[in-house]
Protein chains: 6
Amino acid sequence: MRILIVNVNTTKSMTEAIGRQARRFASPGTEVVTVTPAFGAESIESNFESYLAAVGIIDAVLKYEEPFDAVIQAGYGEHGREGLQEVLDVPVVDITEAAASTALYLGYKYSVVTTLEHCVSMIENRLKVAGLNTRCASVRATSTSVLGLESNPEQAVDSIVREAAAAVANDGAEVICLGCGGMADLEERVKQKLGGVPVIDGVAAAVQVAESLVKLQLKTSKIKAYARPRQKALVGFPLL
Amino acid sequence: MRILIVNVNTTKSMTEAIGRQARRFASPGTEVVTVTPAFGAESIESNFESYLAAVGIIDAVLKYEEPFDAVIQAGYGEHGREGLQEVLDVPVVDITEAAASTALYLGYKYSVVTTLEHCVSMIENRLKVAGLNTRCASVRATSTSVLGLESNPEQAVDSIVREAAAAVANDGAEVICLGCGGMADLEERVKQKLGGVPVIDGVAAAVQVAESLVKLQLKTSKIKAYARPRQKALVGFPLL
Amino acid sequence: MRILIVNVNTTKSMTEAIGRQARRFASPGTEVVTVTPAFGAESIESNFESYLAAVGIIDAVLKYEEPFDAVIQAGYGEHGREGLQEVLDVPVVDITEAAASTALYLGYKYSVVTTLEHCVSMIENRLKVAGLNTRCASVRATSTSVLGLESNPEQAVDSIVREAAAAVANDGAEVICLGCGGMADLEERVKQKLGGVPVIDGVAAAVQVAESLVKLQLKTSKIKAYARPRQKALVGFPLL
Amino acid sequence: MRILIVNVNTTKSMTEAIGRQARRFASPGTEVVTVTPAFGAESIESNFESYLAAVGIIDAVLKYEEPFDAVIQAGYGEHGREGLQEVLDVPVVDITEAAASTALYLGYKYSVVTTLEHCVSMIENRLKVAGLNTRCASVRATSTSVLGLESNPEQAVDSIVREAAAAVANDGAEVICLGCGGMADLEERVKQKLGGVPVIDGVAAAVQVAESLVKLQLKTSKIKAYARPRQKALVGFPLL
Amino acid sequence: MRILIVNVNTTKSMTEAIGRQARRFASPGTEVVTVTPAFGAESIESNFESYLAAVGIIDAVLKYEEPFDAVIQAGYGEHGREGLQEVLDVPVVDITEAAASTALYLGYKYSVVTTLEHCVSMIENRLKVAGLNTRCASVRATSTSVLGLESNPEQAVDSIVREAAAAVANDGAEVICLGCGGMADLEERVKQKLGGVPVIDGVAAAVQVAESLVKLQLKTSKIKAYARPRQKALVGFPLL
Amino acid sequence: MRILIVNVNTTKSMTEAIGRQARRFASPGTEVVTVTPAFGAESIESNFESYLAAVGIIDAVLKYEEPFDAVIQAGYGEHGREGLQEVLDVPVVDITEAAASTALYLGYKYSVVTTLEHCVSMIENRLKVAGLNTRCASVRATSTSVLGLESNPEQAVDSIVREAAAAVANDGAEVICLGCGGMADLEERVKQKLGGVPVIDGVAAAVQVAESLVKLQLKTSKIKAYARPRQKALVGFPLL
């Protein structure tokens, strides 16, 4: 099977990191292909940028010319997933939801550790819309920016471990979700330092969910909420 | 004061209808100006189109050259409001939320009557994110398309009245919100036929909310969720 | 239009302060008239006193002889609003709800800062019944009594600012609602000291909501929850 | 022990019926005494009347000269309970809550069958504030008025049985709460006709809860929400 | 009447302590009998042990040869209650729920103070399933084991008082539930040290609820969720 | 990897059917082994039987002598999962939760179609505890018993299709979960008859979730809710 992973930002090095992480966890026989939007922001840390991403990823996925069996939207707490579900028949997996639904199997409560304080409400809203928020103990921010994850990984790891430990000690968390697609490369170091607490990277989890849906031959229900949009006049889309 | 109303679709006749409705309810001294996105779909009846609209409206509002004191996003159940809030300092009012918060003052439970079944989940999710869903009795669809509201208004009115009456009889609704920006022109006829049940048009309600926020000199809180996005590299935005 | 504001306590100086605040924010052409109950307590800081107020305000409003277009109940977290809605046709606006519905437009989460610890549950219950509690981060008490707001305003301002800052730092609040009708006179000083966080006075917000409902020609739905009470034998009411 | 039952309306025959029902279920050694408010409405079917009752019952209970060990507020869905809790040290039991907390022990879901449609929201709000609504399947109205329960008991029984059966068949109810203090006399007939479904009268349930609290030597917590009101100037209270 | 109390663990001294506590609060004419499961763990501090208890108590109760009018399941946060309800006609009262439903009458919010951190999720889940969690401020653990309550009661009392005081100060609790059947003997000392905050022992509360249901002649609804299990082949049950 | 599937009832033919279904969906390299409890009921349609199963499955899994990498609990809406999580280190997957978390990826709302009305509350409670109930539109019963699924599959399929269609038409479902481990063999026929609506079998979904957790090298968090039970005296366990 072929899984298409769409990064939500325009930073190709991050797309590559996401692809590496996905391939680490993909089954033999699963081909992981990636695409970077040709529209949007170099990193997503606000609703504004996330809405750009929503259009950028739909555009990028629709323009992807090879066949694929499932799509992973590799942004944490981003907009756009329902739009992709509508324009495609194959399953669409958001990494925010994949991390959360995976966490539910491993502990009573989980917390998300993300980048900036600005992103907390975006993630909380996504989890609420997904109906996966009931067992979320907290969403905590490290104050490390998305691009800071790449430029200063040591400090990023430290800040993630600090907030994860606080989530365990104060919020009742038993499982930690890494709340940014760009944290994939840091997963191992966080796990080592945190010790004994399951740590979930959304990209890895999403690969599993996507493979699962394909193996189960399940596709998005097209009878109501995610029906294919009617044919109508669009201006400016597909993007140039 | 000047209120800028941004239509969510690219249909200029609908922008005009929305502007007419807004001016009917604007106070003396309030200038209502409208803008139509240069990007997006002729009508919004899916998440896909709504995500296009999210970018289209942010683009259109940022390009608007005159000063304004508040913005109304004139789409029911659409994405994008949080993005506008981030890039602006002036208040942003979504008509979905304006209709709902107004309904809360008039009855114990309210229902929304919208166009297509496809839109129900979009509206429900918006109300859930807004925290205005607790007293929502139901969101009902008429199966009349957005453009059908204009092309066959008699039938549209009948279908709205039918679903509104069902909401009152079966769901416990005491107030009806018209669940589409394009229903503004039908409000009077629906009210007459329905008789005795308060009917709220979101555009009219949003004008009041916007004026209120300006008079109260209140602006969007910039300390966390709706802080101005950081300066960073964007590709393809502003739209050409 | 004429808006009738009913104070919930019997302290005339507080009625006057509320009237001043309301007139500051009323539109040209809106006449604000006030009434003080002839029954009840000099200040409301308990359910007991609030239930007295519920009867006192209904009595006072029913005895008011001039016509009016809307009523504002100027008590934070008080009982009685549904009763007023039943005996009147014109809209009734509770300042607790007006502050909360206004706050929803300005930030992701809001907090209420009120007077005594005793009042916290009253406000929480009101917000829950109103369906406006989902985005309420916290209700905090300053330990300043209602009458202490008048007698020692400097200290009152300091305690409000202290709790508001704590709500922002610890509870995730981005907007502050002043949780007592008697805080109207302190609003400006709190805003100045707090800086950058929207502060909402319920009386000011309620004037806007009341004007809005009148302009929209909307009245309380009379079909179920707030239908006019049946004619029946009453003892002791209207009050002597 | 002595339990004081306060009727919420001014109809003495209803106070007597409530007293009879209470004595049927009181333990040996429990003296049931009743009081009828000297203020309020002959029956309570609206928030307006219920707010009158809130003051009427507090007044009546405070004027009651003999000692008592607990108070039962014998109105279904009425206001006032928190006020009584504040002015007294002995436990206060609301029959709405007593019926609901008893129902939780007997089935997965319960429904309330009340008098008029107008009262549905009052009962729903009370259960929500009490935190006893999660397992409430529905609140249904018979369209029989409170006084109609006395004047035409046969028809009242039929309408109660009809709605109870509908609650079982359609709403998932397994237990029925009689949603009016005045239904006490009808309990046996409803049980017989309904057959096999537990039926709970709130007055009977409240006697048990009140006795239980006294035997457990538990009293209302006075540390916060139900602290005794501060001494302050009251006008018109106690009632003349 | 005869009330059968079933301990959830196999420790007879604890059964006796529970019996003593029950008899302290039973009415004259109520005979309290106790039974200890012949299967299970010496103390219950995990889901695993609690599931053993669920079978142990059903077995023990079904083998009890004398008639009884109600059953109390004397374990805090344990599994099994719904099973007992199915195999019996008489009412079944869980002490977790009895303490919680009693607490609701005494304060706005209550907290549970239990033994080990491990048990917190068990109690939270029980309260959620019971629909009694809305007004639960917190479930706190003392880190004293169940058997430690007996072996070192002084330290146990101190740790309970410490967590109860923290619940009042930090979580908004106004009432404390003792979150372990084995805390019955410590109730008085906790009350004395805590002073002014109602403290509820689940066994005592459950005796009251059980007596109440019997006096009200109410039994478990058998029409759906707790219907008697169909006759079918069982292996290994009743236990040898 | 080796996945151990534990049936919840003692019917070996059902264990075999579950094994067949699991192997259909297992990846190459995954060995599926099954175990039937030596304790419990031939089918589970009540809480009583489900509590027997909780002990039966823990016993059976602990006695299983070969190593395994994950466990699937193949009962829909059954008790016991948290107990298994405590006594094991490897991941434990409940088919109720696997079906639900899978359904969330495929539509806005899902419904469960189960066997008897008696089981509805069991499933609803499981989903509530799991935090997977928010997007559950309904749990519907076919009135076909568990064993009836095997003995009369044609009628079983018809009744499942009937309730599934009703869930889509009336409850807003877009995805159907087959609410019994014994429905695995009927999945294809239901899918064919239902057409266009995704149908999820819990066993198949659980195999995917279990494989995913193993591939992600994730194990149950042992820091709090699912910590290994302390060493203590057990009577009668392990079962003879």
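I looked up Pro238(B) and found it in the segment after strand S10 (234–235) of chain B; helices (H or I, at least four residues) and strands (E, at least two) are DSSP runs, numbered from the N terminus. The model is predicted: local features need pLDDT of at least 70, side-chain atom pairs count only at pLDDT 80 or more, and totals for chains, interfaces and linings use all residues. Residues are numbered from 1 along each chain as its sequence is written, chains are lettered from A and ligands numbered from 1 in the order in which they are written, and side-chain values use heavy atoms, with hydrogens and water left out.

**Backbone**

I checked the peptide bond between Phe237(B) and Pro238(B), and it is cis, with omega about 0 degrees. In chain A, Phe237(A) and Pro238(A) are also joined by a cis peptide bond, omega about 0 degrees. Pro238(A) sits in the segment after strand S10 (234–235) of chain A.

I then looked at phi. Gln217(A) is not a glycine, yet its phi is positive, about 55 degrees. I noted these cases because most residues other than glycine have a negative phi, and most peptide bonds are trans. Gln217(A) lies in the loop between helix H9 (202–215) and S10 of chain A. Its relative accessibility is 64%, so Gln217(A) counts as exposed (buried means under 20% relative accessible area, exposed over 50%, partly exposed in between, with a 1.4 Å probe and protein chains only). Gln217(C) has a positive phi near 55 degrees and lies in the loop between helix H9 (202–215) and S10 of chain C.

**Chains D and E**

How many residues does each chain give to the contact between chain D and chain E? I found 48 residues from chain D and 48 residues from chain E, where contact means heavy atoms within 4.5 Å. The two chains bury about 3,800 Å² between them, 59% of it on carbon and sulfur atoms; buried area is the accessible area (1.4 Å probe) that two parts lose on being put together, summed over both. Tyr105(D), Leu106(D) and Leu216(D) supply 20% of the area that chain D buries against chain E, more than any other three residues.

I counted two salt bridges between chain D and chain E (a side-chain nitrogen of Lys or Arg within 4 Å of a carboxyl oxygen of Asp or Glu). One of them links the side chains of Lys215(D) and Glu211(E), at 3.6 Å, N to O. On the side of chain D that touches chain E, H9(D) gives the most, with eight residues.

**An aromatic pair**

Phe237(C) and Phe48(D) have ring centres 5.4 Å apart and planes at 65 degrees, so the pair is edge-to-face. Phe237(C) is in the segment after strand S10 (234–235) of chain C and Phe48(D) in helix H2 (residues 47–63) of chain D, so the pair joins two chains. Both residues, Phe237(C) and Phe48(D), are buried.

I found no contact between chain B and chain E, whose nearest C-alpha atoms are 16 Å apart. Chain C and chain F do not touch either, and their closest C-alpha atoms lie 15 Å apart.

How values were computed. Phe/Tyr/Trp six-rings, centres within 6.5 Å; stacked < 30°, edge-to-face > 60°.
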